[in-house]
Amino acid sequence: MDAYPLPNIEDLVNRTTRDKYFSSFDLRLAYHQVTLLTEERHYTAFEGDGQLFQYKRLPFEVINGVSSFQGSIDKFITKNRLKKVYAYLDDLTVTEETLEEHDRNLKCLLDAAVECNLAINEEKSNFA
């Protein structure tokens, strides 16, 4: 079992109280963007029509899916040294006090997303 905690919404709100600019992003097919390790795929096995299938990407339905996904996104933020980028499940929020700093943070996030093949659903996203 993965006991990775979800962020506390109250903490996220408190960290952004001084910020004036916000952008929010929805990750397209969020969980399915996380590739499962080959040695962990057997944990997702299921039978259908007499055949055994295993997921290659993180399915939403598994017990540890939420924790695993949140941990993956938090690692993405840390690895890319993203500032004022907050994750709650498949939503990312970029905040900042000034428009210039916000745009800089936004560019860093979008560049990192392209580099890591993280797909953003632009239809469900809001810029500044």
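Where is the place of Asn-121? Asn-121 sits in strand 6. Let me build up to that residue from the whole chain.

A word on the model before we start. This is a predicted model, in which local features need pLDDT of at least 70 and side-chain atom pairs count only at pLDDT 80 or more, while totals for chains, interfaces and linings use all residues. Residues are numbered from 1 along each chain as its sequence is written, and side-chain values use heavy atoms, with hydrogens and water left out.

Now the overall picture. The protein chain has three helices and six strands. Both kinds of element are DSSP runs, numbered from the N terminus: helices are H or I with at least four residues, strands are E with at least two. Along the sequence, the pattern reads α-β-β-β-α-β-β-α-β. The C-alpha trace spans about 60 × 30 × 25 Å along its principal axes.

How much of the chain is buried? Of the 128 residues, 33% count as buried. Buried means under 20% relative accessible area, exposed means over 50%, and partly exposed is in between, using a 1.4 Å probe and protein chains only. The chain exposes about 8700 Å², and carbon and sulfur atoms supply 51% of that area. Accessible areas come from the Shrake-Rupley method with a 1.4 Å probe; for residues, only the protein chains shown count as cover.

Next, contacts. A contact means heavy atoms within 4.5 Å. Take the contacts with a separation of 6 or more: residues 24 or more positions apart account for 63% of them.

Charges, quickly. There are 15 positive and 22 negative side chains. Lys and Arg count as positive, Asp and Glu as negative; His and the chain ends are not counted. The centres of the two sets lie 6 Å apart. Each charge is placed at NZ of Lys, CZ of Arg, CG of Asp or CD of Glu.

Four strands form an open sheet, in the order 4-5-1-6, with antiparallel pairing. Strand 4 (85-88) and strand 6 (120-126) stand at the edges, each with a single partner strand, so one side of each has no neighbour in the sheet. On average, neighbouring strands are turned by 25° against each other, direction ignored. For such angles, axes are lines fitted to C-alpha atoms, for helices over the stretch in contact, and angles run from 0 to 180 degrees between N-to-C directions.

Let's walk across the sheet. Two strands pair if DSSP finds at least two bridges between them. Strand 4 and strand 5 pair antiparallel over four bridges. Here Tyr-88 stands opposite Asp-91 in strand 5. These two strands form a hairpin with two residues between them. Leu-89, in the turn, has a positive phi of about 55°.

How many bridges join strand 1 to strand 5? Six bridges join them, and the strands run antiparallel. Phe-25 faces Leu-92 in strand 5. Asp-26 stands opposite Asp-91 in strand 5.

Then strand 1 (residues 21-27) and strand 6. They pair in the antiparallel sense over three bridges. Ser-24 stands opposite Asn-126 in strand 6. Asp-26 stands opposite Asn-121 in strand 6.

Is Asn-121 buried or exposed? Asn-121 counts as buried because its relative accessible area is 11%. Leaving aside neighbours within four places in sequence, Asn-121 is in contact with Asp-26, Leu-27 and Arg-28.

Helix 2 (residues 65-79) lies across strand 1, strand 4 and strand 5 (91-96), at about 170° to strand 4. Helix 3 (residues 99-115) lies across strand 1, strand 4, strand 5 and strand 6, at about 150° to strand 5.

Last stop, the loops. Leu-29 lies between strand 1 and strand 2 (46-48). Its phi is near 45°, a positive value in a residue other than glycine. Leu-29 counts as exposed because its relative accessibility is 63%. Asp-49 lies in the loop between strand 2 and strand 3 (51-53). Phi of Asp-49 is positive too, near 55°. Asp-49 has 79% relative accessibility, so Asp-49 counts as exposed.
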